[in-house]
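Subject: The structure we talked about

Hi,

Here is the structure I promised to pass on to you. Please open it next to this message, and I will walk you through what turned up.

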Amino acid sequence: MNKDSKPHDGGSTTRAQFATRLGVIATTVGSAVGLGNIWRFPYEAGSHGGGAFMLCYVFFIFIIGIPVICAEFIMGRGTHSNIIGAYRKLAPGKPWYWAGYMGILASILILSFYSVVAGWTLEYFIQSVSGNLDLGSTAAFHDRFESFASSNYRPALFALLFLAVNYLILRRGVTAGIERMSNILMPVLFLLLLIFCINSLMMPGADEGLRFLFKPDFSAITPTVLLGAMGQAFFSLSLGLGCMATYASYFNHRTQLARSATLTASLDTLVAVLAGVMIFPAVFTFGFSPSAGPTLVFEVLPSILHSLPGGIVWSSLFFFLLILASLTSTISMSEISIAFIIEEKKMDRRKATALNTCVAMVLATLCALSFGCLSGMTIFGMTLFNLFDYLSSNILLPLGGMVCSFFVGWIADRAFVRSQLTNGGTLRLRAMRVIIFCIRWIAPVCIAIVFLNSIGFIN
Ligand code: TRP
């Protein structure tokens, strides 16, 4: 953001703006790339049949993801408001803004289980630096993780620690520092992933791993796989609860919305695919089960790092970068409710951030304990951690995305939408027509079909 402009210090004319085109891409990619790509994508792909999941995921990114990012961008940049304010400005007096409240609820749920996983990363980082991660056999990695995750205070403690760091950064409202840092460090993370991929590709299980990930078994495409892949696409792109809209409210009038959306989606998908190429050869080489669930990556990663010469250095660097990538993501999801509280409830930034953090801390503690003493407490057969994950990613995000694209496609003023996409008529409208068509028809209809399909309504 411009150094000389503080966010939320008054009316919309003084709102902060991202200074450069790189700033726009770096922040949206910073929000999108995170644990969703490196932790959630491999475990979801692993438990939903690999190739079949991958195919659906990439399909949804392009056919639903990019149009919905554009829809969120249009709402945010066009109104320069938080998500609820944006709905209110575009449809005054109508109840559409309730979709914004749903987004805020979902963002808190995500923040709470996300910080548990970020806490695991923190623990692994500390273990790496102190030289304790260097373990011998695969069974040891598994047992080690089990005993860590199910212990009663460590995971909760690390989740709270992570939320505290998130708070300290957000409180000042100057996310500029972390943005600049991540501009430099994200390419390093990318490079590390590439190196780990090459290392994995030389493992004996590489063929099997790649076949698992890239060779779709079409008969494995079930309603559950479709819903999972759609949820993952939304989660990974930070879509459906107004996160991208909130960031777009800081764009200036020259930002090219469709182009930024496509670039963000492509880079995000590339990172997810790289994470898959890094994980699955190792899964098959070391005999892990690909369908191990949320703990998969944390059990497999140490074995990959262990197989590299100088493993401790690699793993310290990797987990450090992963913490940073998680922070740029949690900052973006916290900003949704913080922008809302500041602008609509007229609270100051510190109080708003504290409120957001306190609620997340309570829920995160419950999520962390759901691997330990609360593991017996299940709702619909899911632990609290799994419930929050499932409910937000598979239901609330796609639902929010459906409402948003329907709203931009059918309710918002058409000339306004066209003008946002073409920057007031200075960009060619031809390509934009495709996007408008996807926003109006493809995205809402596809999301509705996947939903109905998953509850057994149509098949
Ligand atoms: N996309 C991020 C990731 O892949 C997570 C995330 C950040 C998110 N902001 C969000 C998910 C908003 C849903 C909504 O790690």
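A residue is called buried when its relative accessible area is under 20%, exposed when that value is over 50%, and partly exposed in between. Please keep in mind that this is a predicted model.

Let's begin with the cysteines. By that cut-off, cysteine 56 is buried, because its relative accessible area is 6%. How many disulfides does a search of the whole structure find? The search finds 0. As a reminder, a disulfide is a covalent bond between the sulfur atoms of two cysteines. For cysteine 56, the closest cysteine sulfur belongs to cysteine 446 and is 11 Å away, so the two are too far apart for a bond. Cysteine 367 is in no disulfide either, and the nearest cysteine sulfur, in cysteine 373, lies 13 Å from its own. Cysteine 367 is also buried, since its relative accessibility is 0%.

Helix 7 covers residues 154–171 and helix 14 covers residues 311–345; they meet at an angle of about 65 degrees, and their axes are 10 Å apart. The crossing of helix 7 over helix 14 is right-handed. Which residues make the contact? Helix 7 brings Phe162, Val165, Asn166, Ile169 and Leu170, while helix 14 brings Ile323, Ser326, Leu327, Thr330, Ile331, Ser334, Glu335 and Ile338. Sorted by class, the contact has 8 nonpolar, 4 polar and 1 charged residues.

Now for some backbone angles. Most residues other than glycine have a negative phi. Histidine 80 is not a glycine, yet it has a positive phi of about 50 degrees. You can find histidine 80 in the loop between helix 3 (51–79) and helix 4 (83–90), and it is partly exposed because its relative accessible area is 25%. Asparagine 423 also has a positive phi, near 50 degrees. Asparagine 423 sits in the loop between helix 17 (414–421) and helix 18 (429–454), and it counts as buried because its relative accessibility is 14%.

Serine 236 is in helix 10 (residues 223–236). Is serine 236 buried or exposed? Serine 236 is buried, with a relative accessible area of 0%. Setting aside residues up to four places away in sequence, serine 236 touches Ala32, Asn37, Tyr57 and Asp268.

Leucine 363 belongs to helix 15 (residues 349–369). Beyond its neighbours within four places in sequence, leucine 363 is in contact with Ile108, Leu109, Ser112 and Phe388. Leucine 363 and serine 115 are 248 residues apart along the chain, with 10.0 Å between their C-alpha atoms.

Alanine 139, in helix 6 (residues 138–149), is partly exposed, with a relative accessibility of 46%. Its C-alpha is 9.6 Å from that of glycine 287, although alanine 139 and glycine 287 are 148 residues apart in sequence.

Best wishes

Methods: Residues numbered from 1 in each chain as written. Predicted model: local features only at pLDDT ≥ 70, side-chain atom pairs only at ≥ 80, totals over all residues. Heavy atoms only, no water. Axes fitted to C-alpha atoms, helices over the stretch in contact; angles between N-to-C directions. Helix = DSSP H or I, 4+ residues; strand = E, 2+ residues; numbered from the N terminus. Left-handed = near helix turned anticlockwise from the far one by under 90°. Contact = heavy atoms within 4.5 Å. Nonpolar A, V, L, I, M, F, W, Y, C, P; charged D, E, K, R; others polar. Disulfide = S-S within 2.5 Å. Buried < 20%, exposed > 50% of the residue type's maximum accessible area, 1.4 Å probe, protein only.
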